[in-house]
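Subject: Handover of a structure model

Dear colleague,

Please find the structure below, handed over for your own work.

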Amino acid sequence: MRRTNVVFKGGLISLILLLMLACTGQNGSDKTEVPGEENTDHNASNQADIVFDTLSYDFGTIIEGEMVVCYFDYENKGNGELVISSVEAGCGCTSPDWNREPLKPGEKDQLKVVFNARGRSGSQLKSVTVISNALTPRISLTIKANVTNNK
């Protein structure tokens, strides 16, 4: 009885695995290009794709009260126009500025970030969130600084 039970369970597990593997196919969902119809693949769609050269900038050591500026270079590597709808700073000491005009595929631009170190001291880590119509609609950028009171 015990051997029959083990064989039955082994057969049942094999059957379940076979059914699971059989059900992972496309089941008729293969897309066939029809002339005149738009291709909906992400790679071929009219979707923008924002790509930054770097996601972080380190000002190093700066003096309390200084205002420092950095630029984040980016490119639209997608097939559609890129529109940055907003850029949100993590606090009032950080001010972003960006081009509000659509960026065509292949074009490059810069996002300007100003950090005001007035009233700050020590290690600072601030975030800036870029919101756009790109494949990745929210991208977080960071700036770092070590603020000293030495003049």
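Does arginine 138 count as buried or exposed, and at what relative accessibility? Arginine 138 counts as exposed, at 51% relative accessibility. Here buried means under 20% relative accessible area and exposed over 50%, with partly exposed in between (1.4 Å probe, protein chains only).

Before the details, a note on the basis of these values. This is a predicted model, in which local features need pLDDT of at least 70 and side-chain atom pairs count only at pLDDT 80 or more, while totals for chains, interfaces and linings use all residues. Residues are numbered from 1 along each chain as its sequence is written, and side-chain values use heavy atoms, with hydrogens and water left out.

Overall architecture

The protein chain has one helix and eight strands, and from the N terminus on its elements run α-β-β-β-β-β-β-β-β. Helices (H or I, at least four residues) and strands (E, at least two) are DSSP runs, numbered from the N terminus. Of the 151 residues in the protein chain, 26% are buried. The chain exposes about 10300 Å², of which carbon and sulfur atoms supply 52%; accessible areas come from the Shrake-Rupley method with a 1.4 Å probe, and for residues only the protein chains shown count as cover. Among the contacts in the protein chain with a separation of 6 or more, 67% are between residues 24 or more positions apart, where contact means heavy atoms within 4.5 Å.

The antiparallel sheet

Four strands form an open sheet in the order S1-S3-S6-S5, with antiparallel pairing; two strands pair if DSSP finds at least two bridges between them. The edge strands are S1 (50–52) and S5, each of which pairs on one side only. The twist averages 30 degrees from one strand to the next; axes are lines fitted to C-alpha atoms, for helices over the stretch in contact, and angles run from 0 to 180 degrees between N-to-C directions. Strand S5 and strand S6 (residues 108–116) pair in the antiparallel sense over four bridges, and aspartate 97 stands opposite lysine 112 in S6.

Threonine 94 lies in strand S5 (residues 94–97). Threonine 94 counts as buried because its relative accessibility is 4%. Leaving aside neighbours within four places in sequence, threonine 94 is in contact with Ala89, Val113, Val114, Phe115, Lys126, Val128 and Ile143.

The mixed sheet

Four strands also form an open sheet in the order S2-S8-S7-S4, and here the pairing is mixed. Strand S2 (56–63) and S4 stand at the edges with a single partner strand each, so one side of each is left without a neighbour in the sheet. Neighbouring strands of this sheet are turned by 20 degrees against each other on average, direction ignored.

Within this sheet, S7 and strand S8 (residues 138–148) pair in the antiparallel sense over 10 bridges and form a hairpin with five residues between them. Valine 130 has isoleucine 139 in S8 as its bridge partner, and valine 128 stands opposite leucine 141 in S8. On the other pairing, strand S4 (residues 84–89) and strand S7 (residues 122–132) run antiparallel and are joined by five bridges; serine 86 stands opposite isoleucine 131 in S7.

Threonine 129 is placed in strand S7. With a relative accessible area of 17%, threonine 129 is buried. Not counting residues up to four places away in sequence, threonine 129 touches Ser86, Val87, Glu88, Arg138, Ile139 and Ser140.

Salt bridges

How many salt bridges does a search of the whole structure find? The search finds two, a salt bridge being a side-chain nitrogen of Lys or Arg within 4 Å of a carboxyl oxygen of Asp or Glu.

One joins the side chains of arginine 138 and glutamate 88 (3.8 Å, N to O). This pair links distant parts of the chain, with arginine 138 in strand S8 and glutamate 88 in strand S4, 50 residues apart. Glutamate 88 is partly exposed, its relative accessible area being 38%.

Aspartate 97 forms a salt bridge with arginine 100, and the closest N and O atoms are 3.4 Å apart. Aspartate 97 counts as partly exposed at 42% relative accessibility, and arginine 100 counts as partly exposed at 48%.

Yours sincerely
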